[in-house]
Structures are given as C-alpha cells and as structure tokens.
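Subject: Structure for your review

Dear colleague,

Please find below the structure that I am handing over to you.

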Amino acid sequence: AVNVAASYDLPTPKMGGFGARMLRDWSVDSIVAARTATPVNVLYSRNIGFGAYRFRPDLVPGVALYLDDLRVAGGKRLNPAAFSIPTDPRQGTLPRNALRGFPLFQLDLALRRQIRIAGGYALQLRADCFNVLNHPNFGNPDGALTSGTFGRSTTMLNNSLGSGGANGGFSPVYQVGGPRSIQLAVKLLF
C-alpha cells in the first residue's frame with residue numbers, strides 16, 4: 001500500500017486591491033492512496049458433528065481460477081468450476097490467501113482558504129473532494145463457494161470495509177473506496 005500526501009500554498013497573484021485580498025491564503029491538499037488486491041479465501045461450510053465449520057475446497061487442476069466477465073463488477077470473477085468440495089471433512093488443496101480481489105486507487109483533493117481575523121483567530125473555508133476521478137473500487141468477491149453470488153463482487157469497497165455501529169468499522173461514508181463525494185466545511189481556529 002502506498003499513501004502520498006502533499007500540501008501546496010498557492011502564491012498570491014501580483015495585483016492590488018480587492019483581487020489580491022480575495023486570492024491570497026489559498027492552499028491545495030491532496031492524498032493519493034493505492035494498494036494491491038487483498039486476499040480472498042474460498043470456503044464452504046460442513047457440519048462435522050460438533051457444529052458447522054468452514055473448510056477450503058480442493059483445486060481442480062487445469063481450470064482457470066478467474067473468468068473475464070464484463071457483466072460483473074471489476075470485469076472478472078472467480079470460476080466456480082475451479083473448485084470442488086472434498087467428500088471427507090478436511091481442508092482442501094486450495095492454499096489460504098491464494099486468490100486476490102481488486103486493487104485500490106483513489107485521489108482526494110481539498111481546496112482551502114484561511115482568513116485571519118482579530119485576536120489571533122482564523123476562519124478556514126474548505127472544499128474536500130474524495131475520489132476526484134470517481135475511480136471504481138470494488139470490495140472483495142464473495143468467497144462462499146455455495147453462495148449464489150460466489151466469485152463476484154457485490155459492493156463497493158467502502159461498503160465492504162464495515163458498516164459502523166455494532167457491526168464494527170467506520171461508517172461507509174468515512175471509508176476509502178467509495179464513489180466521488182464532496183464536503184464543504186467552515187472551521188474557526190483559535
């Protein structure tokens with residue numbers, strides 16, 4: 001994973017009067033986040049007499065693990081024909097963390113202005129734009145082998161990272177990997 005952040009204070013144009021006052025003290029902030037795809041584990045459930053447990057399936061030799069499919073998110077999905085459920089209750093031949101989901105790329109930009117006011121106070125006006133390029137970032141494909149959505153991503157990355165509250169994680173509104181969003185803010189600095 002790579003995260004790069006930069007801030008740049010824009011120079012005030014050489015002009016006088018009202019124009020100079022309006023165009024001074026502006027800054028641009030940016031964050032670029034990129035990472036490779038995270039692991040996906042293909043699993044199935046089996047009751048072995050002590051309750052249901054999850055196991056990895058066997059790999060079917062010579063069968064492609066991924067299929068190109070323009071009808072699904074990200075243009076690819078896991079191939080269900082590449083996996084078989086063993087007849088005995090054991091871990092299959094598919095190694096743990098052997099498959100990958102989708103990578104992440106997101107560019108966030110902010111434009112802000114700090115206005116100095118009396119007494120050492122300042123007012124900051126800002127506009128933040130998250131995922132400026134509106135690059136699609138998908139959650140991992142469904143790894144439950146017996147699921148009707150097996151091998152396909154069914155959600156954007158921000159929704160797959162947690163739903164906040166009792167389920168854990170931040171609210172999807174605050175997660176990386178969502179669609180483009182803009183927020184406006186006014187802050188009093190003292």
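This is a predicted model: local features need pLDDT of at least 70, side-chain atom pairs count only at pLDDT 80 or more; totals for chains, interfaces and linings use all residues.

Serine 27

Ser27 belongs to strand β2, which covers residues 26–35. Its relative accessibility is 5%, so Ser27 counts as buried, the cut-off for that term being under 20%. The side chain of Ser27 makes a polar contact, at 2.6 Å, with the side chain of Asp9. Leaving aside residues up to four places away in sequence, Ser27 touches Tyr8, Asp9, Leu10, Ala110, Leu111 and Arg112.

Aromatic pairs

How many aromatic pairs does a search of the whole structure find? The search finds four, and two of these are described here.

One of them joins Phe83 and Phe150: the ring centres are 5.9 Å apart and the planes stand at 85 degrees, so this pair is edge-to-face. Phe83 lies in strand β9 (residues 83–84), whereas Phe150 lies in the loop between β12 (122–130) and α2 (157–160); the pair therefore ties together parts that are 67 residues apart in sequence. Phe83 is buried, at 7% relative accessibility, and Phe150 is buried with a relative accessible area of 7%.

Another pair is formed by Tyr121 and Phe190, with 6.5 Å from centre to centre and 45 degrees between the planes, an arrangement classed as tilted. Tyr121 is in the loop between β11 (104–116) and β12, and Phe190 is in the segment after β13 (181–189), so parts that are 69 residues apart in sequence are tied together by this pair. Are these two residues buried or exposed? Tyr121 is partly exposed, with a relative accessible area of 39%, while Phe190 counts as exposed at 81% relative accessibility.

A charge over two rings

The charged end of Lys76 sits over the ring of Tyr66, 4.6 Å from the ring centre. The charged end of Lys76 also sits over the ring of Phe102, at 5.6 Å from the centre of that ring.

The largest pocket

The largest pocket holds about 330 Å³ of space. Its lining is made up of 15 residues, and those nearest its centre are Phe130, Val173, Tyr174, Gln175 and Ser181. Strands β11 and β13 each supply at least two lining residues. Which element gives the largest share of the lining? That element is β13, with three residues.

Yours sincerely,
A colleague

Notes: Residues are numbered from 1 along each chain as its sequence is written. Side-chain values use heavy atoms; hydrogens and water are left out. Helices (H or I, at least four residues) and strands (E, at least two) are DSSP runs, numbered from the N terminus. Buried means under 20% relative accessible area, exposed over 50%, partly exposed in between (1.4 Å probe, protein chains only). A polar contact is a pair of N or O atoms within 3.5 Å; within protein, one must be able to donate a hydrogen and the other to accept it, and residues adjacent in sequence count only if both atoms are side-chain atoms. Contact means heavy atoms within 4.5 Å. Rings of Phe, Tyr and Trp (its six-membered ring) pair if their centres lie within 6.5 Å; planes under 30 degrees apart count as stacked, over 60 as edge-to-face and the rest as tilted. A charge sits over a ring if NZ of Lys or CZ of Arg is within 6 Å of the ring centre and within 35 degrees of the ring normal. On a 1 Å grid over the protein atoms alone, a cavity is a set of points where a 1.4 Å probe fits but cannot get out, and a pocket is an open set with protein on both sides within 12 Å along at least five of seven lines; lining residues have an atom within 4 Å of a point. Grid points are joined across faces, edges and corners, and a volume is the space filled by probe spheres set on the points.
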